[in-house]
Structure formats: C-alpha cells, structure tokens
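Dear colleague,

Please find below the structure that I am handing over to you, followed by an account of what was found in it.

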Amino acid sequence: MKQMIEQLRQLKIVPVITVERAEDIIPLGKVLADNGLPIAEITFRSSVAAEAIRLLREAQPNMLIGAGTVLNREQVVAAKQAGADFMVSPGFNPNTVKACQQLNIPIIPGVNNPSAIEGAMELGLKLLKFFPAEPSGGLPMIKAILAPYTELQIMPTGGIGPNNIRDYLAVPRIVACGGSWMVSKALVDNRNWQEIGRLTREAVDLVNA
C-alpha cells in the first residue's frame with residue numbers, strides 16, 4: 001500500500017473511466033500512458049469492466065490499474081482476477097473492505113463524514129476517497145475533516161477539474177485527485193483518442209507546473 005500511495009502521489013491524477021466496449025480500453029490506455037498518465041480507474045458502472053481491466057493489463061503490464069465503483073465481494077474477486085492493482089468504492093462498506101483485505105488487495109473506499117472515516121480507520125485504512133468532493137463541501141470540508149485524523153490521507157473525487165485540481169493538490173495530505181474530464185464518457189464512446197490525448201497532456205502539465 002505504501003508503494004502504491006507513492007505512485008499516486010507522483011501521478012497526482014486518477015482518470016476515472018467508464019467503457020461500454022471493452023476493446024476501447026486498449027487505445028485509451030495507450031493514449032493515457034503516451035501522454036504521461038500511466039494509470040486508470042475502470043469503473044464497474046458498465047458490464048464490461050472486468051474484461052476491460054483484463055485487456056488493459058495485457059496491453060499495458062506496467063500501468064497502475066484500479067477497479068472503480070466496486071460495491072461487493074463478487075466485483076472485488078472479478079477485478080482482482082482480471083489484474084486490478086487496487087479497488088475504489090463510492091462508499092464505505094465494511095464487507096467489501098474485508099473482502100479486499102482477505103484477498104490482499106488495497107481498497108480506497110469513499111467517505112464524506114467523520115462516522116464513515118472512523119469506521120474505515122477501525123479496519124486499518126489510512127487512505128480514503130472523499131466523495132463526492134465538491135458537493136460534500138470541497139476543500140473547506142476536507143481541511144476540517146483532516147484536522148482530528150492526523151494519520152489520514154485523502155483522494156478526493158467528484159467535481160474536480162482543471163479549474164480547481166491544483167488547489168486540492170496543494171493540501172499535503174491529499175495524495176491524488178480522481179477526475180474524468182480528460183476521459184469523459186462522450187469522448188470515450190466517440191473514440192476521440194486525439195482529444196483525450198490532448199486533454200491528458202494538458203492535465204499532466206497543469207499539475208506538474
């Protein structure tokens with residue numbers, strides 16, 4: 001987990017991806033990697049998520065691959081078997097967390113209040129997703145919520161884009177930010193790899209400026 005957190009800190013952005021055609025992940029993964037972002041969170045918002053993870057693992061063996069919107073043990077097992085490096089969930093479900101721990105795969109569950117944070121920390125988790133970030137109060141809420149939990153690190157997702165990501169990343173205990181503006185569903189569905197590449201390069205340059 002420590003090594004993965006360092007990778008996330010270096011990459012700074014986690015592209016949150018939904019694909020309806022599993023084969024689209026191959027050119028998409030190449031565009032991300034070629035433009036400086038060798039990481040992808042493939043969400044289980046579509047039925048082809050596990051197959052997309054498998055294809056991406058084969059095509060980009062060194063890429064950091066997460067499974068997103070993981071809601072239950074079955075999805076955890078499917079994602080791990082497909083080759084995912086870590087899991088991300090929108091909320092904190094103790095059963096899903098325990099399934100990941102039993103299978104020895106990191107999970108970053110979603111929280112947006114102290115009760116959920118304490119439940120997650122009780123299970124030994126110190127990196128949590130703050131979701132949905134902007135609707136839940138954004139940076140002021142994150143700063144307030146970090147204060148009493150001195151070992152907690154956060155990966156905010158939801159409402160983050162080019163206009164505010166640098167503000168988020170300026171907070172030392174924010175490891176990285178999830179975002180989909182460079183891999184929007186419309187761009188992926190239309191297979192607009194050139195525009196995805198341009199937006200990815202812009203995003204990488206922005207957070208490393």
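Which residue in β2 is the bridge partner of Ile17? The partner is Ile42. Before going further, please note that this is a predicted model, in which local features need pLDDT of at least 70 and side-chain atom pairs count only at pLDDT 80 or more, while totals for chains, interfaces and linings use all residues. Residues are numbered from 1 along each chain as its sequence is written, and side-chain values use heavy atoms, with hydrogens and water left out.

The sheet

The strands β1 and β2 pair in the parallel sense over 2 bridges; two strands count as paired if DSSP finds at least two bridges between them. From β1 the chain crosses through helix α2 (residues 25–34) to β2, and this β-α-β crossover is right-handed. Right-handed here means that, with the strands pointing away from the viewer, the path from the first strand over the helix to the second runs clockwise. Helices (H or I, at least four residues) and strands (E, at least two) are DSSP runs, numbered from the N terminus.

Both strands belong to an open sheet of 8 strands with parallel pairing, in the order β7-β6-β5-β4-β3-β2-β1-β8. Its edge strands are β7 (153–156) and β8 (177–179), each of which pairs on one side only. From one strand to the next, the twist averages 30°.

Strand β1 (residues 13–17) is joined to β8 by 3 bridges, and the two run parallel. Ile13 stands opposite Cys177 in β8, and Pro15 has Gly179 of β8 as its bridge partner. In β1, 5 of its 5 residues are buried, that is, under 20% relative accessible area, whereas exposed means over 50% and partly exposed lies in between (1.4 Å probe, protein chains only). Ile13, Pro15 and Ile17 are buried on one side of the strand, and Val14 and Val16 on the other.

Helix α3 (residues 49–59) lies across β2 (39–43) and β3 (64–68), and runs at about 160° to β2. Such angles run from 0 to 180 degrees between N-to-C directions, with axes fitted to C-alpha atoms, for helices over the stretch in contact (heavy atoms within 4.5 Å).

Helix α5

Within α5 (residues 94–102), Thr96, Val97, Ala99 and Cys100 are buried. Seen down the helix axis, the buried residues of α5 fall within an arc of 160°, so they line one face of the helix; the arc is that of the directions from the axis to the C-beta atoms. The elements that cover them include α4 (73–82), β4 (86–89) and β5 (107–111). On the other side of α5, Asn95 and Gln102 are exposed. At the start of the helix, a side-chain oxygen of Asn93 reaches to within 2.9 Å of the backbone nitrogen of Asn95. After α5 comes Asn104, with a positive phi near 60°.

Backbone details in the loops

The peptide bond from Phe131 to Pro132 is cis, with omega near -10°. Pro132 lies in the loop between β6 (127–130) and α7 (138–146).

Lys12, in the loop between α1 (2–11) and β1, has a positive phi near 75°. With a relative accessibility of 23%, Lys12 counts as partly exposed. Thr69 is in the loop between β3 and α4, and its phi is also positive, near 55°. Thr69 is buried, at 15% relative accessible area.

Yours sincerely

Technical notes
Polar contact = N/O pair within 3.5 Å; in protein donor to acceptor, adjacent residues only side chain to side chain.
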